[in-house]
Amino acid sequence: MTDNNNFRPVSYSRTTLTELMIPSYANFGGKIHGGILLSLMDKVAYACASKHAGNYCVTVTVEGVHFLQPVEVGDLVSLKASVNYVGNTSLMVGIRVIAENVKTGKVKHTNTSYFTMVAKGDDDKPTQVPGLILETREDGRRFLEAIKRRELSRRYETELANSKTILQVEDALHLLQQERCKIAF
Ligand SMILES: CC(C)(COP(=O)(O)OP(=O)(O)OC[C@H]1O[C@@H](n2cnc3c(N)ncnc32)[C@H](O)[C@@H]1OP(=O)(O)O)[C@@H](O)C(=O)NCCC(=O)NCCS
């Protein structure tokens with residue numbers, strides 16, 4: 001049952017996490033590990049989602065993780081998170097990640113990703129989240145975009161599942177022959 005009185009504005013849970021990229025976060029090439037950024041993204045998504053939900057949340061899916069530019073040791077990384085969409089027990093948190101070189105002041109946009117989280121009640125079962133008050137046209141645009149994103153993601157999952165059931169390796173050897181692989185079976 002939807003509680004029509006239980007709504008929270010986007011601004012209530014908007015969260016920014018800023019962290020200095022220290023040498024132990026770097027890979028052998030001297031750049032920051034993608035996994036470090038993913039962990040920070042999960043942390044800020046959790047903080048934002050659980051603040052909106054008023055409950056603990058779990059991560060269900062992550063979309064749009066494309067690291068567009070490398071992050072350097074010494075950069076200040078800021079992750080800006082806000083609730084873009086709410087369903088019944090799930091919500092989608094959009095995260096914009098930027099890296100700033102503190103000496104030059106140059107700011108790089110490294111990625112924007114979308115975390116779907118589900119709120120859990122004391123019984124560990126999914127529980128309803130408050131509705132979302134859209135305070136700006138931008139909030140409205142993000143909500144609509146999230147609906148589209150969910151729809152496309154579901155369609156993609158269905159198509160992928162269907163193609164797996166019809167994909168016979170013997171019938172598609174010509175496709176493998178065009179790729180950079182050697183068939184050794
Ligand atoms: C996420 C989880 C609670 C879903 O449980 P479930 O029994 O499938 O629950 P439901 O079918 O009622 O779905 C709950 C919500 O999750 C959403 N959901 C479930 N699977 C989803 C998926 N693959 N993508 C997007 N949303 C999904 C449903 O749409 C539903 O949203 P709604 O209530 O807003 O409509 C359960 O799978 C879980 O606990 N997973 C482990 C999560 C975890 O531990 N993450 C940390 C990383 S290890």
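Leaving aside neighbours within four places in sequence, with which residues is alanine 45 in contact? I put this to a predicted model.

**Entry 1: alanine 45.** I listed the contacts of alanine 45 beyond four places in sequence and found Thr59, Ala81, Val93, Ile95, Phe115 and Met117. I also noted that Ala45 is buried in α2.

**Entry 2: helix α2.** I checked the extent of α2, which covers residues 34-53 and has 20 residues. From first C-alpha to last, α2 reaches 28 Å, close to the 28 Å expected at 1.5 Å a residue. I then looked up burial along α2 and recorded Leu37, Leu40, Met41, Val44, Ala45, Cys48, Ala49, His52 and Ala53 as buried. An α-helix has 3.6 residues a turn, so residues three or four places apart point the same way. Just after α2, I noted that glycine 54 takes a positive phi of about 70°.

**Entry 3: nonpolar core.** I examined the largest nonpolar core and found 34 residues in it. Met41, Ala45, Ala49, Leu91, Val93 and Ile95 have the most contacts inside this core. The elements that give two or more residues to the core are α2, β4 (76-86), β5 (90-100) and β6 (107-120). I recorded α2 as giving the most, with eight residues.

**Entry 4: ligand shell.** Which residues surround the ligand? I listed Val58, Thr59, Val60, Thr61, Gly87, Asn88, Thr89, Ser90, Thr116, Val118 and Pro126. β3 (56-63) and β6 each supply at least two residues of this shell, and β3 gives the most, with four. By class, I recorded four nonpolar, seven polar and no charged residues in the shell.

Methods: Residues are numbered from 1 along each chain as its sequence is written. This is a predicted model: local features need pLDDT of at least 70, side-chain atom pairs count only at pLDDT 80 or more; totals for chains, interfaces and linings use all residues. The expected span of a helix is 1.5 Å times one less than its number of residues. A residue is buried if 20 or more other C-beta atoms lie within 10 Å of its own, exposed if 12 or fewer, and partly exposed in between; C-beta atoms are placed from the backbone. A nonpolar core is a set of buried Ala, Val, Leu, Ile, Met, Phe, Trp, Tyr and Cys residues joined through C-beta atoms within 7 Å. Two residues are in contact if their C-beta atoms, placed from the backbone, lie within 7 Å. A residue is near a molecule or strand if its C-beta atom, placed from the backbone, lies within 6 Å of it. Ala, Val, Leu, Ile, Met, Phe, Trp, Tyr, Cys and Pro count as nonpolar, Asp, Glu, Lys and Arg as charged, and the others, Gly among them, as polar.
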